Amino acid sequence: MSSLGKTKLSYYHLSVLFLSAAALALGMVLAGLYLYLRLELPDISSLKHYRPPATTVVYDRNGTPIAYWYTERRFPVPLAKMPPYLIQAFVAAEDARFYEHKGIDFVSILRALIADIRARRVVQGGSTITQQVARALLLSPERTLSRKIREAILAWRIDKALSKDEILNIYLNHIYLGAGAYGVEAAALTYFGKHVWELTLPEAALIAGLTPAPSRYNPLRNPRAALKRRAYVLRRMAEEGYITWDTARRAEKTPLRLHPMDFSPDPRAGYFLQIVRRRLERMLGRERLLTGGYRIYTTLDLNWQEKVLPGVLRRLSEIPRRHHSREIPQVAAVCLENESGEVRLVIGGRDFRKSQFNRAVFARRQPGSALKPFLWARALEEGLLRPDSLVMDEPVVLPGGSPEELWRPRNFDHRYLGIISLRTALVDSRNTVAVKIARALGLGEVEETLKTVGISAILPRNLSVALGTIGVSPWELTRAYTVFPNQGALVQPHLVAVIYDREGREVYRAHPRSRRILSRETAYVMTFFLKEVVREGTGRCARVLGVPAAGKTGTTDSYQDAWFVGFTPRYTCGVWVGYDTPRTLGRLETGGRAACPIWVEVMRGVPLSGKDFPVPEGITFVPFRDRTPSGKTEEIWLPYPDKLVPEIREVPPLRPRRGFPLRWLFWWR
């Protein structure tokens, strides 16, 4: 008996010893595996300062969102801004023991394993919210045993390093919730068009239900599946005691009301956004722009642009109808605020959705007579001409492109008025006078003048430049004209007013920048001349605005391009009309007929003041007798720089003179 008992006892002890050794060996293997994996685990310290990629929002000057730029559409919000029932919905549906476990919930893992065995497929997941954070931010999505072990270790470490609220904040801002939405704020906007803190209980439950399969439960695609999943989340909330069963039943019966938000760029601002994005990518870098979560307030006045566009298109469609044609031309317009240089309006074509080519910035077309004011201004500035100078409008013959060729510039109306005032020459847009002024200045000085006002075109080495035969963009020409209402200062246009980072700190603010190009006196004399163009010249259609306005028309050969660049004391706007492939707009479709009415429509989009252009010191008005376009004489008060004020005396009426030799470039009084 004793020997048998001893034998049995020894077997028992051997079994215990064997199991203990096996457990010790397994423990050593697991400990070794843990230490090995720990050496390969990513650092979790970055989670302490969680800064996920965030959406940059672009606004117009009135605070209307016009674009969302992102790599992941995410709008991080603090946990304090989320309603409690939203947080409870996620916890109830995804990790009911979240506040109890240490990052890994063995009870949930066992329960999920049993459910999967019974269903003979994966019906429940055992991952905690903390494990999902570890997987989403620190690990790859591969499904391997080593990844699951790493995930568990990281979840345990994260739970030790961060509070439960910090973990939830990361989870709810990072999780993908379908339809391109990352985080609960993006989901609230995407599905319901409201902020997360505005969600109702049924809406919060629906969003919380998206987590396992965002595509399958997407309410925009599968509303029935989404409602079924919402009901499950509400039941789980009731089971966990977050809401009553009566509240859950009422919420379950609530109809699904979706108001999806459109995150695509506003097509009304499409041409403006093209320019803004190019410049901001250079300023901030493309990656920072798309992930930085900036709030960018631009200078665009979308209300202005939206208000005028129907009138612009109506005026544009009238042009082909006048010639029994159906092909509507294109249009480009740019409007700047004179003092600040803020770009208020950019129209780069009839419809951005049909053509993304931005004619306001990238199209380079001949400006015709719209270039003449800069020649007049340079001649006045250099003392070559005076405000009361008389010039000869007569046929001119000059050397052509080759030695055996001759060039005969002609006026639009094929008439020549003889001796006329410098004012009348600009008001009536006399080509021969423009060529004479360019010849007197010299091509080098003409080129320098145009470069000084920001026109970058390569000039032809002949006097045709005086008639606007170079290619310029509406953007360039409009900016150049600001030198007149700004009393000789050329403003630097800008499209962004202020930029804030995701924390609300100001990182950029624009300040007006300008440089003096002309004297105040010359700029005012030119403003006066250009007001006369509107009063009685080629731009008289602009008189219908009933406010002080100045500007100049431009028309190219065969009526291919029509321009009007005009300004009030506050705004300068330029309009171009033409076809992308140059062709005639139709006979007599001049800048005054085709472009000026569109300019008027544009200017009607903003309140205009009746206040006149300010007169700088150093200007004296002197009576001057001049001829009107109808041939009558009138007395006007002509502005002179003080140093050029003439002796006041009676001047006989001007009469046309013919037969003056070409060497008589100007007639001085």
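Mentor: Strands S6 and S7 (residues 343–347) pair in the antiparallel sense over four bridges. Pairing here requires at least two DSSP bridges between two strands, and helices (H or I, at least four residues) and strands (E, at least two) are DSSP runs numbered from the N terminus. This is a predicted model, where local features need pLDDT of at least 70 and side-chain atom pairs count only at pLDDT 80 or more, while totals for chains, interfaces and linings use all residues. Residues are numbered from 1 along each chain as its sequence is written, and side-chain values use heavy atoms, leaving out hydrogens and water.

Trainee: What do S6 and S7 form, and how many residues lie between them?
Mentor: A hairpin, with five residues between the two strands. Gly-341 in the turn has a positive phi of about 80°.

Trainee: And which residue is the bridge partner of Leu-336 in S7?
Mentor: Val-343. Leu-336 also has a bridge partner in S18, namely Thr-572. S6 and S18 (residues 571–578) run antiparallel and are joined by eight bridges.

Trainee: Why is S6 described as largely enclosed by the rest of the structure?
Mentor: Because eight of the eight residues of S6 (residues 330–337) are buried. Buried means under 20% relative accessible area, exposed means over 50%, and partly exposed is in between, using a 1.4 Å probe and protein chains only. Gln-330, Ala-332, Val-334 and Leu-336 point one way, Val-331, Ala-333, Cys-335 and Glu-337 point the other way, and all are buried.

Trainee: New topic: what is the strand order in the open sheet of five?
Mentor: The order is S2-S1-S5-S13-S14, with mixed pairing. S2 (65–69) and S14 (506–509) are the edge strands, each pairing on one side only. The twist averages 15° from one strand to the next.

Trainee: Switching to helix packing, how do H4 and H6 cross?
Mentor: The axes of H4 (residues 129–138) and H6 (residues 164–174) come within 10 Å and cross at roughly 55°. That makes H4 oblique to H6; angles under 35 degrees count as roughly parallel, over 145 as roughly antiparallel, 65 to 115 as roughly perpendicular and the rest as oblique. Contact, meaning heavy atoms within 4.5 Å, involves residues including Val-133 and Leu-137 of H4 and Ile-167 and Tyr-171 of H6.

Trainee: What about the backbone at Ser-429?
Mentor: Its phi is near 55°, a positive value in a residue other than glycine. Ser-429 sits in the loop between H15 (422–427) and H16 (431–441), and is buried at a relative accessible area of 10%.

Trainee: And Gln-487, buried or exposed?
Mentor: Buried, with a relative accessible area of 15%. Gln-487 has a positive phi of about 55° although it is not a glycine, and is in the loop between H18 (474–481) and S12 (489–491).

Trainee: Last one: how many helices and strands are in the protein chain?
Mentor: There are 20 helices and 21 strands, and 52% of the 669 residues count as buried.

Definitions and conventions
Axes fitted to C-alpha atoms, helices over the stretch in contact; angles between N-to-C directions.
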